[in-house]
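Morning, everyone. Please look at the sequence and the model before I start talking.

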Amino acid sequence: FVTGLVVFILPSALPLMGCFAFGNFVKESGCLERLTKTMQNELMNLATIFLGLGVGMQMMGDKFLNLETLGILLLGALAFALGTAGGVIFAKVMNIFSPKNLINPLIGSAGVSAFPMAARVSNKLGLEADPHNFLLMHALGANVAGQIGSVVAAGVMLAIFGY
C-alpha cells in the first residue's frame with residue numbers, strides 16, 4: 001500500500017521504493033530463503049564495495065577536500081543529530097498530551113533512516129536502563145518510517161532536479 005501511494009504521488013521514487021518493497025517482500029514471503037540470505041549478506045556487501053569503489057575512484061583529493069564538500073558533510077552530520085534529537089523531543093511532547101499511553105523517547109531516536117543500527121542502539125540503551133525493556137520491534141517501526149521518508153525525500157529531489 002505504501003509503495004503504491006508513494007509511486008502514485010511521486011513517480012520518480014519508483015526505483016528506490018520498488019527495491020525497498022521488493023526486498024521486504026522476498027524476506028517476508030519465506031519462500032526464497034537462499035535468495036534472502038544472499039541479498040542480506042553477500043549481495044549487500046558486493047553492492048556496498050562496488051558503490052564505494054565507483055565513487056572513490058572518481059574522487060580527487062583537491063576536489064574532495066574543499067570547503068563545499070566539508071560543509072555538505074557537516075550539514076549531513078547536523079541533520080542526523082537534529083533528526084535524532086527531534087524524535088526524542090517529539091516523543092516527550094506526545095507524552096505530555098497523552099499521559100495514559102506513554103511512548104519511550106528512545107523509539108523517537110530511531111526515526112532516522114540508519115537501518116537497522118538506530119533501532120539496535122535504541123534497544124541497547126533501553127535494555128541498559130531496564131533489562132525488561134525490549135524496544136527493538138517498536139524502534140524498527142520508527143526506523144522503517146525514516147527509511148520511507150528518505151526515499152520520498154530522494155524522489156522529491158529527483159523530481160526537482162529532473163534526473
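Some ground rules. This is a predicted model, where local features need pLDDT of at least 70, side-chain atom pairs count only at pLDDT 80 or more, and totals for chains, interfaces and linings use all residues. Residues are numbered from 1 along each chain as its sequence is written, and side-chain values use heavy atoms, with hydrogens and water left out.

Now the overall picture. The protein has nine helices and zero strands. Its C-alpha trace spans about 55 × 45 × 35 Å along the principal axes. Of the 163 residues, 19% are buried. Buried is under 20% relative accessible area, exposed is over 50%, and partly exposed is in between, with a 1.4 Å probe and protein chains only. Take the contacts with a separation of 6 or more: 49% come from residues 24 or more positions apart. Contact means heavy atoms within 4.5 Å.

Next, the record. The unreviewed UniProt entry annotates "transmembrane region" at residues 6-23, 43-60, 72-90, 102-119 and 139-161. Those positions are in the numbering used here, feature names are shortened, and annotations may be inferred rather than shown by experiment. Look at residues 6-23: that stretch is 78% helix and 0% strand, with end C-alpha atoms 17 Å apart.

On to helix α6, residues 67-97. At 1.5 Å a residue, its 31 residues should span 45 Å, and the end C-alpha atoms are 44 Å apart, which agrees. The expected span is 1.5 Å times one less than the number of residues. At the start of α6, a side-chain oxygen of N66 comes within 3.3 Å of the backbone nitrogen of E68. That is a polar contact: a pair of N or O atoms within 3.5 Å, where within protein one must be able to donate a hydrogen and the other to accept it, and residues adjacent in sequence count only if both atoms are side-chain atoms.

Which residues of α6 are buried? T69, G87, A91 and N95. Their cover includes α5 (61-64) and α7 (105-109). V88 also sits in α6. At 24% relative accessibility, V88 counts as partly exposed. Beyond four places in sequence, V88 touches P105, G108 and S109.

Now a helix pair. The axes of α2 (residues 14-29) and α9 (residues 136-161) come within 9 Å and cross at roughly 155 degrees. That makes α2 roughly antiparallel to α9. L16, M17 and F20 of α2 make the contact with V144, Q147, I148, V151, A154 and L158 of α9. Axes are lines fitted to C-alpha atoms, for helices over the stretch in contact, and angles run from 0 to 180 degrees between N-to-C directions. Under 35 degrees is roughly parallel, over 145 roughly antiparallel, 65 to 115 roughly perpendicular, and the rest oblique.

Stay with Q147. At 18% relative accessibility, Q147 counts as buried. Beyond four places in sequence, Q147 contacts F20, S113 and F115.

Last stop, N123 in helix α8 (residues 117-129). N123 counts as buried at 12% relative accessibility. Its side chain reaches the backbone nitrogen of L135 at 2.9 Å.

How values were computed: Helix = DSSP H or I, 4+ residues; strand = E, 2+ residues; numbered from the N terminus.
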